[in-house]
Amino acid sequence: MRELKDLQLLIDEAVTKLEYPAYPAELYEPIKYILQMGGKRMRPALLLMACDLFGGDVEKALAPALAIEVFHNFTLMHDDIMDNAPLRRGKTTVHELWDRNAAILSGDVMLIQGYKLMMQVEDRLLRPILDIFNTTAVGVCEGQQLDMDFETRSDVKIDEYIEMIRLKTAVVLGGALKIGALLGGADTKDAELIAKFGENLGLAFQLQDDLLDVYGSPEKFGKQVGGDIISNKKTYLLIKSLELANKEQATELSNWLNLKQFNQQEKVEAVTAVYNAVQVKQYAETTMQTYADKAFAALEKITLPEENKQYLRDFADGLMVREF
């Protein structure tokens, strides 16, 4: 079994070898720019990992893995436009460096490039794999729309939030693993199970992200603590706290959500105090564990040698233990 970091490195090298026409430069330069920003390359590495686990040829799975990475970066390019984000991974975003129209059009071409790369799988697998890719791509767009809808709503429920993060984040992990499994020779049942493993792990990971935003140590988490609170992001913690809060606590939360001018540290401390009072952290941890357990339950049913299953268990454990 290849190490995950080796697979990530393999993707990194393959990304640098992707060739684009020199003309028109304004169309292709932004694509090269965003792809060379780096990132963890986790999604395409998962595709290669699944292929490897089922005994397939990792080299032959490189093109579809790159398709996943190009598609993922296309969604980031368009997300940044929607969010008016000035930075991505510490660098200027495409729409800021060029302009919005260039970022829209370059993103469109990236989506098509993703399909061109995915088309390189062997004919007998092309239809089922494109079907998974399509379902995944539509899911991500639905998730992004729900996320934007939630910004203006004050009545978002937990099950709606879970569905949004499932679509926006988790389906890509599941889809990448499913495509990789099929490329590696897995049957439909095992491909479905590894997709279920990935999707539930993705949900647990996102809930952990919500928790770490408030309760993580900034050195280990690598992000500003309380960023979600400052930007009024509808996270599990906020939605559940509004559900659990008494009248006084609910008023306190609403006041902070509606304030246009505020001291950031003061807001983070006040909202966190309400979170602590309603003990929302325990609820979030329990829900996170529920999805992790579902992931492991799916993993148990996969027809793979024990050592390969252990590899997946270790991968999941590594993903789920980012320090608080």
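These are my notebook entries on a predicted model.

**Entry 1. Nonpolar core**

I began with the largest nonpolar core, which has 112 residues. I noted the residues with the most contacts inside this core: L48, M49, I194, F197 and Y275. Helix α8, residues 158-183, gives the most to the core, namely 15 residues.

I then looked up the partners of M49. Leaving out residues up to four places away in sequence, M49 touches L4, L7 and L177, and also Y311, L312 and F315.

L46 was the next residue I examined, and I found it in helix α3. Its relative accessibility is 2%, so L46 counts as buried, the cut-off being under 20%. With residues up to four places away again left out, L46 touches L173, A176, L177 and F315.

**Entry 2. Helix α2**

Which residues of helix α2 are buried? In this helix, residues 25-35, I listed L27, Y28, P30, I31, I34 and L35 as buried. I next asked where around the axis these residues lie. They cover an arc of only 155°, and therefore sit on the same side of α2.

The elements are α1 (4-17), α4 (62-83), α5 (94-97) and α6 (100-118).

**Entry 3. Backbone geometry**

Most residues other than glycine have a negative phi, and most peptide bonds are trans.

The peptide bond from Y23 to P24 is cis, with omega near -10°. P24 has its place in the loop between α1 and α2.

R41 is not a glycine, yet its phi is positive, near 55°. I located R41 in the loop between α2 and α3 (42-53). Is R41 buried or exposed? At 4% relative accessibility, R41 counts as buried.

R89, likewise not a glycine, has a positive phi of about 50°. I found R89 in the loop between β1 (87-88) and β2 (91-92). Its relative accessible area is 35%, so R89 is partly exposed.

**Entry 4. E69 and its surroundings**

I turned to E69, which has its place in helix α4. With a relative accessible area of 2%, E69 is buried. What does E69 touch, not counting residues up to four places away in sequence? I noted V15, L35, G38, R41 and P44.

**Entry 5. I158**

I158 lies in helix α8. It counts as buried, because its relative accessibility is 16% and the cut-off is under 20%. Leaving out residues up to four places away in sequence, I found that I158 touches Y236, I239, K240 and E243. For I158 and Y236 I noted a separation of 78 residues in sequence and 6.7 Å in space, C-alpha to C-alpha.

**Entry 6. Cysteines**

A disulfide is a covalent bond between the sulfur atoms of two cysteines. I searched the whole structure for disulfides and the count was 0. I looked up the exposure of two cysteines, C51 and C141. C51 is buried, at a relative accessible area of 1%, whereas C141 is partly exposed, at 47%.

**Entry 7. Cavities**

Rolling a probe the size of a water molecule over the atoms shows where empty space is left. How many cavities of 30 Å³ or more does the whole structure hold? The search finds 2. The largest cavity holds about 60 Å³ of space.

I listed the residues that line the largest cavity: D228, I229, N232, K233, L238, L253, W256, L257, K267, V271 and Y275. At least two residues of this lining come from each of α11 (227-230), α13 (247-258) and α14 (264-277). Y275, which is part of the lining, is also among the residues with the most contacts inside the largest nonpolar core.

Terms used: Residues are numbered from 1 along each chain as its sequence is written. This is a predicted model: local features need pLDDT of at least 70, side-chain atom pairs count only at pLDDT 80 or more; totals for chains, interfaces and linings use all residues. Side-chain values use heavy atoms; hydrogens and water are left out. A nonpolar core is a set of buried Ala, Val, Leu, Ile, Met, Phe, Trp, Tyr and Cys residues joined through side-chain atoms within 4.5 Å. Buried means under 20% relative accessible area, exposed over 50%, partly exposed in between (1.4 Å probe, protein chains only). Helices (H or I, at least four residues) and strands (E, at least two) are DSSP runs, numbered from the N terminus. Contact means heavy atoms within 4.5 Å. A disulfide is a pair of cysteine sulfur atoms within 2.5 Å. The arc is that of the directions from the helix axis to the C-beta atoms. On a 1 Å grid over the protein atoms alone, a cavity is a set of points where a 1.4 Å probe fits but cannot get out, and a pocket is an open set with protein on both sides within 12 Å along at least five of seven lines; lining residues have an atom within 4 Å of a point. Grid points are joined across faces, edges and corners, and a volume is the space filled by probe spheres set on the points.
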